[in-house]
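User: I am new to this structure. Please walk me through how to read its features, one at a time.

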Amino acid sequence: MFEKISEFLLPIAGKLNSNRYLQVLRDAFMLAFPLTIFGSIFVVLTNLPFLNKMLSESAIATFQSSFGIASSATMGIMSVFVVFGIGYYLSKSYDVEAIFGGAIALVSFLLLTPFVLQPETGEAVTGVIPVDRLGAKGMFLGMLTAFTSAEIYRKIVQKNFTIKMPAGVPPAVAKSFAALIPAFITLTVFLLINVLVTLAFNTNMHDVIYNAVQAPLVGLGSGIIPTLIAVFFIQILWFFGLHGQIIINSVMDPIWNTLQIENLEAYTAGKEIPHIISKPFMEIYTVGMGGTGMTLAVIIAILLFMKSKQMKQVGKLGLAPGLFNVNEPIIFGLPIVMNPIIIVPWILAPMIVTLVTYLAMSSGLVPPPTGVTVPWTVPIFINGIMATNSIMGGVMQLVNLLIVFVIWFPFLKALDRLNVQKEKEAEANQAS
């Protein structure tokens, strides 16, 4: 059975893992990671639940308005970083001048962006860019524009439609002239698209892509059924020794990151958080509990209740890394990879925990993640509190830890008995 599943999954996973566009998308989001961490820290600081007991209302308002720019300048315009990153990394993958690829992608995106703010009441304000166009609302258009513009740019460069400067010209000047024709052609394409959409259809590409593509995909990705399917494939890929997060997240991250930004925008505006499923939800309530598969509970069960020397040693080696959500010692040392005894709890526990967490948040028992980015190495309970700005976020993790423990325990005992028997046979053979 495992061989048949492996024969089916491995080629698909291999193609996804080596896909140029998915690799570029992953790298582009990682470009924004340190910036979003910076913004998230100040979101947490300006929204601490006990501030009203330490400061007056006017002091809190001043504090939040003074430091709130940290979030607006990072997570609030995340599409800008992702667009530049896609243009840069895609151009780099084709061995063409990457910095110009990033700049052309960003300008192409801005060419499709309306420089007008239309308030609900009153006249439109021109010469400004609405921030939401550079955040969650513009994410999918930004990605499509960046990939398309970078492809046009690199094809023109590779066909040598460039200006060649003499050998004595400084490299920076030569590279600028070399990018002149590709940049002009690429930007003209997007300028004409904007003119066509604006004049012929009296709208803009942001609204077209948002209504036709982004809204349906985000609506689908925020549901519990697609999320459980994603968790299932993450676990099954890890079981066969493939990095499930890298493969599945490269497909789902555009949706989960968009949901995260929408949550953060609502949270900082004092509105109700619209989504339960988001990037922080997936990280804090799956990976953030000891690593992929929430194996911190497995380590605790091994150290407290198992008798096998081999399992005890693996548990000791995995405890310190597991506290910081690194669990390769358990995955490859227990082992979990290709271990038929382990496959049921390995797949079942994360799916049940994801469902329980979703139901707890949808019922109002636990607040959903606010949209702040918490580093994945922050230990359990602390990261739950930081992600939800509530102690209930950490309590939810402890409940989940108990659920994982209960699911895994009988399977670990079965594995423990087998290992103890093998160890006794090995000792008997050595004695004889």
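User: How far apart are the mean positions of the positive and negative charges of the chain?

Analyst: First, the counting rule. Lys and Arg count as positive, Asp and Glu as negative, while His and the chain ends are not counted. Each charge is placed at NZ of Lys, CZ of Arg, CG of Asp or CD of Glu. Here the chain has 23 positive and 21 negative charges, and their mean positions are 8 Å apart.

User: What should I know about the model itself?

Analyst: This is a predicted model, where local features need pLDDT of at least 70 and side-chain atom pairs count only at pLDDT 80 or more, while totals for chains, interfaces and linings use all residues. Residues are numbered from 1 along each chain as its sequence is written, and side-chain values use heavy atoms, with hydrogens and water left out.

User: How many helices and strands are in the chain?

Analyst: Helices (H or I, at least four residues) and strands (E, at least two) are DSSP runs, numbered from the N terminus. This chain has 19 helices and two strands. Its C-alpha trace spans about 85 × 60 × 40 Å along the principal axes.

User: Which share of the contacts joins residues 24 or more positions apart?

Analyst: A contact means heavy atoms within 4.5 Å. Among contacts with a separation of 6 or more, 72% are between residues 24 or more positions apart.

User: What percentage of the residues is buried?

Analyst: Buried means under 20% relative accessible area, exposed over 50%, and partly exposed in between (1.4 Å probe, protein chains only). Of the 432 residues in the chain, 47% are buried.

User: Is Met-54 buried or exposed?

Analyst: Met-54 is exposed, because its relative accessibility is 59%. Met-54 sits in helix α3, residues 51-54. The C-alpha atom of Met-54 is 42 Å from that of Gln-214, 160 residues away along the chain.

User: Which residues form a nonpolar patch on the surface?

Analyst: Patch residues have over 30% relative accessible area and no salt bridge; like charges are joined within 9 Å, nonpolar side chains (Val, Leu, Ile, Met, Phe, Trp, Tyr) within 5 Å. The patch here includes Phe-161, Met-165, Phe-184 and Ile-193, and its members have about 800 Å² of accessible area together. Ile-193 lies in helix α9, residues 171-201. Ile-193 is partly exposed, at 32%.

User: How many salt bridges does the structure hold?

Analyst: A salt bridge is a side-chain nitrogen of Lys or Arg within 4 Å of a carboxyl oxygen of Asp or Glu. The structure holds seven. One of them pairs Glu-97 with Lys-175, at 3.9 Å from N to O. This pair links distant parts of the chain: Glu-97 is in the loop between α6 and α7, Lys-175 is in helix α9, and they are 78 residues apart.

User: Which residue forms a salt bridge with Asp-207?

Analyst: Arg-133, with the closest N and O atoms 2.9 Å apart. Asp-207 is in helix α10 and Arg-133 in the loop between β2 and α8, so the bridge ties parts 74 residues apart in sequence. Asp-207 is partly exposed at 23%, whereas Arg-133 is buried at 12%.

User: Which residues are linked in a network of salt bridges?

Analyst: Asp-253, Lys-279 and Glu-283. Glu-283 and Lys-279 meet at 3.7 Å, N to O. Both lie in helix α13, four residues apart, about one turn of the helix.

Note on methods: Accessible areas come from the Shrake-Rupley method with a 1.4 Å probe; for residues, only the protein chains shown count as cover.
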